[in-house]
Amino acid sequence: MLAFTILLVVAAGISDVLASPTQAVLEVPKKPRQLHGRFLQITDMHPDPYYLPNTAKKTACHRKKGKKSMNQASYYGTPYSDCDSPFILTNFTFDYLDKKWASEVDFVIWTGDNARHDNDPKVPRTPDEIYGLNRAMSAKMKEVFTNKGIPVVPSLGNNDVWRPNSITNEFAKIWDAFVPFPYLQVFQRGAYYSVEVIPDKVAAISLNTMYFYDSNKAVGGCGFHDRDDPGNLQLDWLEVQLKTYRYRKMQVWITGHVPPSPGNYFPDCYVRYVEMALRFQDTILGHLFGHMNADHFSFLEAIDLEFTKDEAELRAQSDLRGSTTLYTTLLQEFAALPTDPKKMDYAEYAVVNTAPPIVPNPYLPSFRIFSYNVTGAESRPKASKDRKHGHRRGDRGDKAVYCKVKKNRETWKCFLNETWYSDPESPSRTNKLWTPLGYAQYYLPDLEGANSKRKPKFKLEYLTFAPTQLHPADNGTENGNGSKFQYPIPLEQLPKSLQISGVTESKFAPYSMTDLTIPAWVDLARRLGDKREAKLRARFRKYMYMGGKEE
């Protein structure tokens, strides 16, 4: 306990020393920042002040020596266990990001859970501990990024709260360097806000997904007649933000902790979120979340806004598949997509990217570097636990008929009739300015073998790009349009086999996606839905669980 007390004192001191004014991005710059066309997503760090090497895994790595080495906590962290991150792991990660990536990214998406899990009944968490850990992690974020003029956009995680709806004032203080002053009043009401990470061009909206999360029994679940429910108030605010950014001809990333899915959100919260994601498809670049620990992507679909025939039967079948893994469910969803691109209406889809965590509970520490299109940026004018992930598929019923039924009349599905803004030429649908191009994922594969004398090494796990996209064509320095080639990933951060041009295939590039537009994700999903693509499916599963089992 003494060690933790010292940590809190040190964290408080660091916060005072490193505290910076509201993010520099909000100031009127004399000269626009030079964009690198990259950003970092990092999530679920879960630092644990009680972690001790060589203790028993069954005690959350807090005490007792493991009887066998295989049951003992490792020095830098214990993968495939229920143990959280030792401080040496979080500090090592920040040091690595500071040295290798802080000068290479334009902003940081930080999607929550910066306190340990409450998984040790002998050492229960307290509010002071939760806030102290968040202060410590925020101080490191300021040191590595914010103080260098790099915007950081944090989101509240389910393990960052004591009582999910009564912590906003404290986090307003902890995140004072991250939350723009104009949004402070909104943040104090609900812990959500927005940041223009590229002024007048690109914004990131940070949502408080605790108001949508069906494990939070302190909220009403976005019921249609409960307009003052925190979830409804947040979605009302989100709608205004998206309308404003669309009017200003800006693009938006939506970020948060718990990803939207039928298995995570209250039904009405999910329906409203899906409708908004599709209505503003021409404005939203993508949806970035954490929480799940498993690396995957999924879709928000127009079918979720409909009543389907035999919906009760479909729900019963879903409940009977209680043992179905997320991996299996996703493959079933992907297999159900239209196979003929000509019959595909991309306006009916949005993509959710769920990143793996830093905490090695239950897999391996990871982070992502996204690349996005900045060609022409300088010249552009301003402008329930039983519910599962899967969609309720089936023949669409007549909404006019279904909405006459009393249990349906009082749901959002019967009242969402706004015009959708989908455009095949928008950055989410075709490669142009601000379009996400791909990402590289880095991880610590040798965590268990690291010790006080041998540090672990972050290595490239995989990337979504084709190898040919990592270099300019014909070994030149320009794109085909004459502009300077922007390396999506700095060459020194690639394995030697990818640092040379001319490579067309690589074990690090199993997907070879052209970009991260909605059509590109649908194309990958179709391939994964094809049973004949056994090798691709195996790679997808390997990345989801990093060699471990689904938790």
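Predicted model: local features only at pLDDT ≥ 70, side-chain atom pairs only at ≥ 80, totals over all residues.
**View 1. The largest cavity and the residues around it.** Welcome to the largest cavity, with a volume of about 140 Å³. Of its 17 lining residues, those closest to the centre are Leu 285, Gly 286, Val 351, Leu 516 and Ile 518. Two or more lining residues come from each of β7 (284-289), β9 (349-354) and α12 (518-529), and β7 gives the most, with 4 residues. Sorted by class, the lining has 11 nonpolar and 6 polar residues, and no charged ones.

View 2. Look for the lining residues, among them Asp 295, His 296, Arg 368, Tyr 439, Trp 521 and Tyr 543. The elements β8 (296-301), α12 and α13 (534-545) each give two or more residues to this lining. By class, the lining of the second largest cavity divides into 8 nonpolar, 2 polar and 2 charged residues.

**View 3. A cis peptide bond at Pro 362.** The bond running from Asn 361 to Pro 362 is cis, and its omega is near 15°. To find Pro 362, follow the loop between β9 and β10 (366-372).

**View 4. Positive phi at Cys 222 and at Ser 512.** Cys 222 is not a glycine, yet its phi is positive, at about 65°. This residue sits in the loop between β5 (202-206) and α6 (230-247). Ser 512, also a residue other than glycine, has a positive phi near 50° and lies in the loop between β12 (459-463) and α12. Is each residue buried or partly exposed? Cys 222 is buried, because its relative accessible area is 0%, whereas Ser 512 is partly exposed, with 35%.

Definitions and conventions: Residues numbered from 1 in each chain as written. Heavy atoms only, no water. 1 Å grid on protein atoms, 1.4 Å probe; cavity = no way out; pocket = protein on both sides within 12 Å on 5 of 7 lines; lining within 4 Å. Points joined across faces, edges and corners; volume = space filled by probe spheres on them. Nonpolar A, V, L, I, M, F, W, Y, C, P; charged D, E, K, R; others polar. Buried < 20%, exposed > 50% of the residue type's maximum accessible area, 1.4 Å probe, protein only.
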